[in-house]
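Good morning. Please look at the screen while I talk; I will go through the parts in turn and then take the ligand.

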Amino acid sequence: MASYIGTATSRVDGRAKVTGEAKYAGEFNVPGLVHGYVVDSTIPKGRIARIDTSGALGMAGVIDVLTHQNRPQMPDKDAAYKDEVAPENGSPYRPLYDDRILFTGQPVALVLAEDWETARVAASQVKIEYEKEPHVTDLQAERSRAFTVDAPEKPRGDAEQAFASAPVRHAAEYSIPTEHHNPMELFASTAIWEDGRLTVYDKTQGVQNVQKYLCGVFKMKPDEVRVMSPYMGGGFGAGLRPQYQVMLAVLGACALKRPVRVMLTRAQMYALGYRPASIERLALGANEGGTLESMQHEAIAVTSQFEEFARNDTGWGNLLYKSPNAKFSHKLVKLDLPTSCDMRAPGAATGVYALECAMDELAIALKTDPVQLRLQCYSDRHQGEDLPYTSKQLRECYRQGAAEFGWEKRNPEPRSMRDGSELVGWGMASGVWEALQMPATVRIVLTANGHAEVATAASDIGTGTYTIMAQVAADMLGLPIDNISVKLGDSTLPQCPLEGGSWIASSVCNAIANTARAVRGDLLELAKQAKDSPFAGVGVDDVGLVDGKIVSKRDASCAMPIASAMLSGKAERITREETNNVAEDKSHARNVHSAIFAEVKVDEELGVIRVTRVVKAVAAGRILNPKTAHSQVMGGVVWGIGMALHEETLYDHRFGRVMNANIAEYHVPVNADIHDIKVIFVDEPDAIVNPLGIKGLGEIGIVGVAAAIANAVYHATGKRVRDLPITLDKVIQFN
Amino acid sequence: MIPFQYTRANDVADAIKQIATDPSAKFIAGGTNLIDLIKYDVAAPTRLIDISRLPLRNVEETATGGVLIGALVPNTDLAYHPVIEQRYPLLSRSILAGASQQLRNMASTGGNLVQRTRCFYFYDVATPCNKREPGSGCSAIDGINRINAILGTSDSCIATHPSDMCVALAVLEAIVHVVGPAGARNIAFADFHRLPGNTPQRDTNLEPDEIITAIELPPKGFSANYSYLKIRDRLSYAFALVSVAAALELEGDTIKEARLALGGVAHKPWRSSAAEAALLGQRADRAAFTKAADWLLHGAKGYGHNDFKIGLARRAIIRTLSQAARGTPQSISDKKIR
Amino acid sequence: MTHSGTAAPTGRVATMPEKISVTLSVNRKPVRLLVAPWTTLLDALRDHLDLTGTKKGCDHGQCGACTVLVEGRRINSCLTLAVMQEGAEITTIEGLARDGELHPLQQAFIDHDAFQCGYCTSGQICSAAGLIAEGRAKTAAEIRELMSGNICRCGAYPNIVAAIQQAMERS
Ligand SMILES: Cc1cc2nc3c(=O)[nH]c(=O)nc-3n(C[C@H](O)[C@H](O)[C@H](O)COP(=O)(O)OP(=O)(O)OC[C@H]3O[C@@H](n4cnc5c(N)ncnc54)[C@H](O)[C@@H]3O)c2cc1C
Ligand code: SF4
Ligand code: FES
Ligand code: FES
């Protein structure tokens, strides 16, 4: 039997998704369902002076309107609201808690009605008067108020001095606007109240995080709250923390003792988390030989007034390049906005963008090919920790990516390549992310008919978790993949971390391996009970499970069908739960790497930019499923294109409001924007990172893409745009 | 959103009668603009009169050599109609440059003319906007105005009309057929949309109790030398930053007739007789096109974020005229601008 | 300072309008519904008929997740009222497979991994069915343009195009 691991495998949940059978959080239509509609704040800061719900309450079909004045009891301690990913410093936002307005779009009332149509019209009849207070929402205007958070990486040498004396220098400021995740599915929760117990269908990347959060807020026991998320219509980080609609749905269900659904509008989702706008200052100093003498990276990013969310934007250079002198700092500015949050490759998408543009500019200053410069500065050790990598095939990424792209045909001169009316630009960049594991527990139930159920409380947010779990389990249990059923997205299943940070594949699959080994041990014991068992004296690691049989590794003729083994031990099923071994090994750095090559074509007169080709070569350890892995990385590249050219949340700071809080004017790429994307997986065996050699792929896809495009736009046009997105008016001075 | 009643109109006369009795009623055709606005609380009709079933779905050639398009012909059907594709390809292309195929399948010819601006503040009821709430102020003038107008603006409003189709209709000098309580009348396309002045709440000269029944295209279709070029922030499914419809009649190299209109820059498709006159009798070359662009943009004024539109429009006009002169109109699917 | 930030024009709500009875044909089956005048076709499908395969991604015509076929043509079901569709033949994602056999587009989407989270997928597939029926797209560039009304935030576009090409070849 061929191995499923490493073989392109169609999604096991594909049929459910293409037929519309897959049900998402807002789609559980239980009898007696009450529909909630959120009324949100129109001002960014102040308090609610008056709230008049009589108009709404007077409408037929309206059951209740919850506000801070009449909501059920809520705890008053911050601790009750802290979820797993809540920033250490600060007080999590509490929906409908009091009259304070902390940000535009904050929920101020929840209309509960017999149907959605009534709830919606009733919501417009809730009258609210505010007392406004002065607000601030502009990062650039407030940057002088920035304060430093924990230094991400220790300084080395004297970076400032080394920069000052470096013969070749580049220093510049780059900026990235606020971006919103905009998953396709609207945030929704359905809370079903039944005999004092709650079942909550939630759009979340972590059912157990939400479960614990709800238990904390509503003072319920763990076995009284079950959170489910069998399918999730995209998260990208927006679903890591419990979002306010889940709390409101449960609040409504508790108040009415009825099932309640709350679905947000697209506009309301702009008051959830976001990728914080950031200003990134890079200063690179090189010697004439083209290696770095000094590397400085400072970032200033946005958080709310009430929580300090910070991700490391600035340490990435330590992973990529040697520099004897280095200095990093990360600062925050508090604004009257919701708390920022993780969004695909948090810290790296932004930080590496700035770093890799700066490296391009340095290469130009050095008159060196940008790939060559990266190779000259290449580091085989994590510079900050001075550790070797478990594996790092980044050189190979550069080589294979460049070859596939045809990089050697590049004329380094800007504006030197064209295709009729268009200037052609070729740019490149590096990408890097972490290869982490978190503790996860997997349960396997093997039945005598050769079927197995594999379960853990993970979420599949489109990443393909269902499928890789089935593949790994099928291989480890020696069963056809069709005999494996995967269960996830249910808080009652064995413990699993949040789906984020690209750690699910490594954590869950290594846990499957451990659990499968335990199952194998049980099977072996059962097999030994057979009359004249050939397995007498054989150890668990001397046998494998192949083609539905337990087989000795030494002697393939020594085999017994699973069914026979179980029969001989009179067992109908074997149930085992094991956890992955999360390495305490601190002797290696664990990272994934990539090289990105991009071609843009820019209309010389009009500045219209088309990204015509992207090659992304990724070294990410073992690739479990080339098919879904390809999609992951390709999707990341599409995100990178959006980040480079389109995405920007536009605030009117006078009103403290997002003015493009929709998906028509917040531009993300559409089909016509996406051309040729080639993904290469560079072979990278890694026996150290974890037993299966898996590194994860969710984040690496986007990292570096925007830089490669920005560098290509420079190469095409000779114009360096450092503030994203690169719109046509930034490329061409029109007036 | 506020609740509304729904009724269906049996025929044009019934539609007019119904709307006359209820000043806060509105017609609904494709619904793609009106339902959008109702959901955002920007429009608040207490009754919708469904005109989508009225028998106004024909595209027919007229005795005088033109074409009469029923007000309810869906945008897609119009764009793909053989007569339009052959005789008025500029109209086809402009329609296909707008929205998405799903929306074009729904949107009606009449509705497209009456669709409202996409100005961010018009859509956000928490901000002042003279067009939505006369007298409340214009937030866009000192606000986020990348998508706003550079021509024909007023101190009250700098909104643009978002339609692509209308830019071509302006060039084709279409005639809008309307019927109201006082009977039928025709409105020249140039007189259909208004400038904001100090009544930005009024987009058009259509009376609230009038219904559009048809759009008439005069015989001239400029099918040999035309182009529609739309510049936007992504390559499809986005409104125009600037769009240009150009139509030429050439004799050899010499321009016998020229029509030119801009979209995305004003409260209506923007034409200038001086610009078109400047092209007459000229050789179809860059010099002539540049002069025309200067005329067409005469008096253009930026408001900060949209300053670039002036220069962008100038270059886009020249480019579109060259495409038209060469007989190589801008393709819809090939995004390269040749 | 007091700022009045009510969401809607005030004081205009008369008595709640009566619900209206609508007859539709959904996936070849006649259905009768009693809906508010402002119930969209999308909400009628999802909430009233429990056909949740059709998705709501924006409710404003901006994403394409709600695409269904009405009389064989693709439309955004969020921007039409159920009452306006009286008598119409509506096909949703649930109506594409016949007798348990997937529609060629559905199979092609699986074969080419043309989705990740799956939330845009129903809309993509219905839209692609409309596209094929229109017969206007031949090249990849034409497919891309005419599928641009369906946003896929997961970024599956190249695979979506490949899937549609496969289905076109086989039909
Ligand atoms: C996301 C999105 C993107 C879009 N992109 C573009 C684009 O790029 N380019 C573009 O041009 N358009 C675009 N549109 C707009 C679209 O073209 C219009 O919404 C559509 O043309 C309106 O036609 P309708 O029949 O749906 O109008 P409806 O919504 O039915 O009506 C609009 C208005 O017209 C009135 N009306 C309708 N018919 C008549 C009539 N016969 N007589 C009198 N009054 C009438 C109605 O009362 C209403 O006030 C986009 C729309 C959306 C939602
Ligand atoms: S430009 Fe016009 S539509 Fe926009 S805010 Fe000003 S008045 Fe309103
Ligand atoms: S939900 Fe209809 S287009 Fe987005
Ligand atoms: S598959 Fe997730 S949005 Fe398309």
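How many salt bridges does the rule find across the interface of chain C and chain B? Before the answer, some housekeeping. This is a predicted model, in which local features need pLDDT of at least 70 and side-chain atom pairs count only at pLDDT 80 or more, while totals for chains, interfaces and linings use all residues. Residues are numbered from 1 along each chain as its sequence is written, chains are lettered from A and ligands numbered from 1 in the order in which they are written, and side-chain values use heavy atoms, with hydrogens and water left out.

Now the answer: the rule finds four salt bridges across the interface of chain C and chain B. A salt bridge here is a side-chain nitrogen of Lys or Arg within 4 Å of a carboxyl oxygen of Asp or Glu. One salt bridge joins the side chains of C:Glu145 and B:Lys335, at 2.6 Å from N to O. Helices (H or I, at least four residues) and strands (E, at least two) are DSSP runs, numbered from the N terminus.

The size of an interface is often given as the accessible area lost when the parts come together. Between chain C and chain B the buried area is about 3600 Å², with 56% given by carbon and sulfur atoms. Buried area is the accessible area (1.4 Å probe) that two parts lose on being put together, summed over both. C:Leu79, C:Met84 and C:Glu145 supply 19% of the area that chain C buries against chain B, more than any other three residues.

Chain C itself has five helices and six strands. Along the sequence, its pattern is β-β-β-α-β-β-β-α-α-α-α. Its C-alpha atoms fill a box of roughly 55 × 50 × 25 Å along the principal axes.

Next, chain A with chain C. Here 72 residues of chain A are in contact with 61 residues of chain C. The two chains bury about 5500 Å² between them, 55% of it on carbon and sulfur atoms. On the chain A side, A:Val18, A:Met184 and A:Asn671 lose the most area to chain C, together 14% of what that side buries. There are eight salt bridges between chain A and chain C. C:Lys55 forms a salt bridge with A:Glu27, with the closest N and O atoms 2.9 Å apart.

In contact are 21 residues of domain 1 of chain A and 17 residues of domain 2 of chain A. These two domains bury about 1500 Å² between them, 57% of it on carbon and sulfur atoms. Which residues of domain 1 of chain A lose the most area to domain 2 of chain A? They are A:Pro87, A:Phe103 and A:Phe236, together 31% of what that side buries. The rule finds two salt bridges across this domain interface.

Last, the ligand. Ligand 1 lies between chains B and C. There are 36 residues around ligand 1, and B:Phe27, B:Gly31, B:Thr32, B:Ser108 and B:Asp164 come nearest; a residue counts as near if one of its heavy atoms lies within 4 Å. A nitrogen atom of ligand 1 is 2.8 Å from a polar backbone atom of B:Ile212. An oxygen atom of ligand 1 is 2.9 Å from an N or O atom in the side chain of B:Lys230.

Conventions: Contact means heavy atoms within 4.5 Å. A polar contact is a pair of N or O atoms within 3.5 Å; within protein, one must be able to donate a hydrogen and the other to accept it, and residues adjacent in sequence count only if both atoms are side-chain atoms.
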